[in-house]
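Good morning, colleagues. Please look at the sequence and the structure as I put them on the screen.

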Amino acid sequence: MKNIYKYNTPIKGLLIAKLILGISLLSFFGYLFKNEIYPDIWTFAGPLLSLALIINGLTSSSISEINVHSTQNMIEIVKESLYSTKTKKINFQSLKSELKSENAKKLFTLIIKLRLIISENDKEVEELNSNLFSLNNAKLTKLHSNLKELRNNN
């Protein structure tokens with residue numbers, strides 16, 4: 001088994017941080033409303049933002065690692081959420097990866113956003129996106145080349 005992709009930040013820690021931030025924002029705006037303080041546009045946007053953070057922290061999941069099982073001719077995608085860890089195995093012959101750019105055709109872009117789509121039999125299985133300042137673009141392009149190499153060698 002060989003690891004070709006690893007997300008370095010602890011995913012469960014990020015989800016717990018979203019929950020804590022959402023709960024603290026919701027309690028802050030609850031305190032404001034209890035004391036009849038209405039902060040203009042934040043009257044509606046603040047509670048909605050905090051609810052979005054709470055729901056996102058409870059329901060979202062992310063790919064934590066991708067491993068290659070060369071003896072079984074499969075890759076294993078490990079997806080982690082707050083409550084569970086799921087694995088998906090894809091055969092090399094049915095594996096397809098595409099690297100797409102969302103804003104590469106625009107003239108004045110400083111940061112290029114990439115999307116790596118992993119498909120099985122032309123059905124999209126997983127998608128990896130660039131992070132906030134596209135710091136993981138090199139990692140995504142390397143993963144794409146590794147996946148293409150695996151498919152072409154088998």
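Predicted model: local features only at pLDDT ≥ 70, side-chain atom pairs only at ≥ 80, totals over all residues.

How many helices and how many strands are there in the protein? The protein has three helices and seven strands; both are DSSP runs, numbered from the N terminus, with helices being H or I of at least four residues and strands being E of at least two. Residues are numbered from 1 along each chain as its sequence is written, and side-chain values use heavy atoms, with hydrogens and water left out.

Let me begin with the overall form. Along the sequence, the elements follow the pattern β-α-α-β-β-β-β-β-β-α. The protein is more spread out than a compact globule, because its radius of gyration is 20 Å, well over the 15 Å that the globule rule gives for 154 residues. That radius is taken over C-alpha atoms, and the rule is 2.2 Å times the number of residues to the power 0.38. Taken along the principal axes, the C-alpha atoms fill a box of roughly 65 × 40 × 25 Å.

The accessible surface of the protein comes to about 10,200 Å², and 58% of this belongs to carbon and sulfur atoms; such areas come from the Shrake-Rupley method with a 1.4 Å probe, and for residues only the protein chains shown count as cover. Of the 154 residues, 34% are buried. Here buried means under 20% relative accessible area, exposed means over 50%, and partly exposed lies in between, with a 1.4 Å probe and protein chains only. As for contacts, meaning heavy atoms within 4.5 Å, 48% of those between residues at least 6 apart in sequence join residues at least 24 apart.

I turn now to helix α3. Its 17 residues, 137-153, should span 24 Å at 1.5 Å a residue, and the end C-alpha atoms are 24 Å apart, which agrees. The expected span is 1.5 Å times one less than the number of residues. Which residues of α3 are buried? They are Asn137, Leu140, Leu143, His144, Asn146, Leu147 and Leu150. The buried residues of this helix pack against β1 (2-6), β2 (61-69), β3 (74-81), β5 (95-101), β6 (114-120) and β7 (123-129).

This leads to the nonpolar cores. A nonpolar core is a set of buried Ala, Val, Leu, Ile, Met, Phe, Trp, Tyr and Cys residues joined through side-chain atoms within 4.5 Å. In the largest one, of 18 residues, Ile66, Ile75, Leu128, Leu143 and Leu147 touch the most other members. At least two residues of this core come from each of β1, β2, β3, β6 and α3, and the largest share, four residues, comes from α3. A second, separate core has five residues, among them Ile11, Leu15, Ile54 and Leu82.

Beyond its neighbours within four places in sequence, Leu128 contacts Tyr5, Ile63, Ile66, Leu114, Arg115, Leu116, Leu140 and Leu143.

What is the distance of the polar contact between the side chains of Ser130 and Asn137? The distance is 2.5 Å; a polar contact is a pair of N or O atoms within 3.5 Å, where within protein one must be able to donate a hydrogen and the other to accept it, and residues adjacent in sequence count only if both atoms are side-chain atoms. A polar atom of the Asn137 side chain lies 2.8 Å from the backbone oxygen of Ile112. A polar atom of the Ser130 side chain lies 2.8 Å from the backbone nitrogen of Leu114.

Finally, Leu99 lies in strand β5 and counts as partly exposed at 31% relative accessibility. Setting aside neighbours within four places in sequence, Leu99 contacts Leu114, Arg115, Leu116, Leu140, Thr141 and His144.
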